[in-house]
Amino acid sequence: MSTKKLSSKRWWYIMPIVFITYSLAYLDRANFSFASAAGINEDLGITKGMSSLLGALFFLGYFFFQIPGAIYAERRSVKRLIFWCLILWGGCATLTGLVSNIPMLVGIRFMLGVVEAAVMPAMLIYISNWFTKSERSRANTFLILGNPVTVLWMSIVSGYLIHAYGWREMFIIEGIPAVIWAFCWWVLVHDKPSQAKWLSEDEKEALQAQLAKEQEGIKAVRNYGEAFRSRNVIILCGQYFAWSIGVYGFVLWLPSILRSGSQMGMVEAGWLSAVPYLAATIAMILVSWASDKMQNRKLFVWPLLLIGALAFLGSYLVGSDNFWLSYTLLVIAGAAMYAPYGPFFAIIPEMLPRNVAGGAMALINSMGALGSFFGAWFVGYLNGSTGSPAASYIFMGGALLVSVFLTLIVKPAQNQTA
């Protein structure tokens with residue numbers, strides 16, 4: 001059996017499925033930023049403070065249901081969990097276009113977070129079932145590429161949909177694909193290599209042997225409680241909390257920040273909002289490839305977050321009077337914040353055994369969701385109360401500096417250099 005042939009089969013079969021699934025999840029959480037910039041606040045009578053809270057509510061629901069979803073995926077079935085999540089989040093996203101008052105919107109945003117909560121940890125567990133240590137950073141990156149690539153095309157499509165129809169129709173149209181894809185997912189996906197009909201018996205055995213061999217070098221951890229109390233997991237929770245403040249403050253408020261810095265319409269804001277995500281896509285692919293090649297994770301996390309922090313602070317110092325220079329620095333910040341995701345999520349499966357790694361990734365991701373909630377709310381609050389994005393740049397840059405420090409003090413796995 002050819003290892004190269006096996007590798008090619010898995011990449012070409014699994015990665016498009018993983019990418020499309022996470023892309024649809026990200027579409028239905030990030031398009032709220034375009035509705036905010038396009039008049040949903042005026043139509044429903046939403047104040048600036050309530051607007052920032054609504055933008056952040058998704059992450060509160062997301063926070064509470066991460067770990068239960070991951071435990072179900074680890075012990076039962078990723079396939080079944082994601083199938084129902086797809087149907088439910090597509091439905092919630094479409095219903096957002098039908099809301100007539102603020103309480104309905106509050107409930108739908110929270111529920112959208114609940115049903116999407118399990119997606120990220122479940123997909124990371126799925127990848128760890130199919131890809132070896134030397135492949136995992138790149139595999140994680142193909143998953144998370146669903147984030148910037150989605151925002152890249154969503155920024156343009158949402159801008160045109162709002163311009164042509166309105167924010168309600170945008171939500172309705174963009175929620176439908178997730179429901180359709182749920183049935184494609186059910187047909188195509190298998191939880192474990194042993195269940196796949198498109199692999200030969202030799203290929204299945206070779207892959208499972210390699211995955212089992214990698215587990216032998218990892219110190220045993222009895223249960224989730226012991227894993228959650230470990231020093232590295234606690235530090236990574238804090239690190240991802242601070243990192244997510246910068247990322248989601250950026251994602252949710254970039255269209256509004258651009259429109260406040262320069263008088264432009266939604267279509268122009270959509271095109272300019274897409275550029276940082278194009279840069280992020282390229283950076284993520286290059287960084288994950290280098291991380292897998294060198295088998296060094298930290299080296300491809302903290303320097304990039306430092307660049308992101310400095311770019312945010314630089315954008316603040318340049319000021320809105322120099323719009324294009326400030327915008328260029330925001331493009332650099334966006335690319336630098338996204339680039340380390342693949343290496344970062346490869347750290348935990350290399351430090352913790354399979355029986356607890358999924359739960360630990362869910363805990364870290366849930367703290368990221370809490371950081372996203374706080375970042376999305378506080379950035380919106382700062383924009384509204386100061387009438388300028390300047391304070392937001394300082395806040396997001398400071399949060400990224402904290403994440404840099406916390407990354408540096410993580411102790412690497414015994415078989416990993418840092």
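pLDDT is the predictor's confidence in each residue, from 0 to 100. The structure is a predicted model, in which local features require pLDDT of at least 70 and side-chain atom pairs count only at pLDDT 80 or more, while totals for chains, interfaces and linings use all residues. Residues are numbered from 1 along each chain as its sequence is written, and side-chain values use heavy atoms, with hydrogens and water left out.

**Figure 1. Overall view of the chain and its confidence.** The chain averages a pLDDT of 84, and 91% of the residues score at least 70. It contains 20 helices and zero strands; helices (H or I, at least four residues) and strands (E, at least two) are DSSP runs, numbered from the N terminus. The chain has a radius of gyration of 21 Å, close to the 22 Å given by the globule rule for 418 residues, so it is as compact as a globular protein of that length. This radius is taken over C-alpha atoms, and the globule rule is 2.2 Å times the number of residues to the power 0.38. The C-alpha trace spans about 60 × 45 × 40 Å along its principal axes. Of the 418 residues, 60% are buried (buried means under 20% relative accessible area, exposed over 50%, partly exposed in between; 1.4 Å probe, protein chains only).

**Figure 2. Residues 414-418.** Over residues 414-418, pLDDT stays under 50. The model has eleven contacts for these residues beyond four places in sequence, a contact being heavy atoms within 4.5 Å. Where pLDDT is low, the predicted coordinates should not be read in detail.

**Figure 3. The nonpolar cores.** A nonpolar core is a set of buried Ala, Val, Leu, Ile, Met, Phe, Trp, Tyr and Cys residues joined through side-chain atoms within 4.5 Å. The largest has 122 residues, and Trp89 and Trp185 have the most contacts inside it. H19 supplies the largest share of this core, twelve residues. A second, separate core has seven residues, including Val287, Phe300, Leu304 and Ala335. Among the residues that tryptophan 89 touches, not counting those up to four places away in sequence, are Thr21, Leu24, Asp28, Leu112, Glu116 and Ala178.

**Figure 4. Helix H8.** Helix H8 covers residues 119-130. Its twelve residues should span 16 Å at 1.5 Å a residue, and the end C-alpha atoms are 17 Å apart, which agrees; the expected span is 1.5 Å times one less than the number of residues. Twelve of the twelve residues of H8 are buried, among them Met120, Tyr126, Asn129 and Trp130.

**Figure 5. Serine 372 in helix H19.** Serine 372 lies in helix H19 (residues 354-386). With a relative accessible area of 1%, serine 372 is buried. Apart from neighbours within four places in sequence, serine 372 is in contact with Phe59, Ser244 and Tyr248.

**Figure 6. The loop between H15 and H16.** Glutamine 295 is found in the loop between helix H15 (266-294) and helix H16 (302-318). Its phi is near 50°, a positive value in a residue other than glycine, and glutamine 295 is partly exposed, with a relative accessible area of 23%. Arginine 297 belongs to the loop between H15 and H16 but is buried, at a relative accessible area of 0%. The side chain of arginine 297 makes polar contacts with the side chains of serine 291, at 2.8 Å, and aspartate 292, at 3.0 Å. A polar contact is a pair of N or O atoms within 3.5 Å; within protein, one must be able to donate a hydrogen and the other to accept it, and residues adjacent in sequence count only if both atoms are side-chain atoms.
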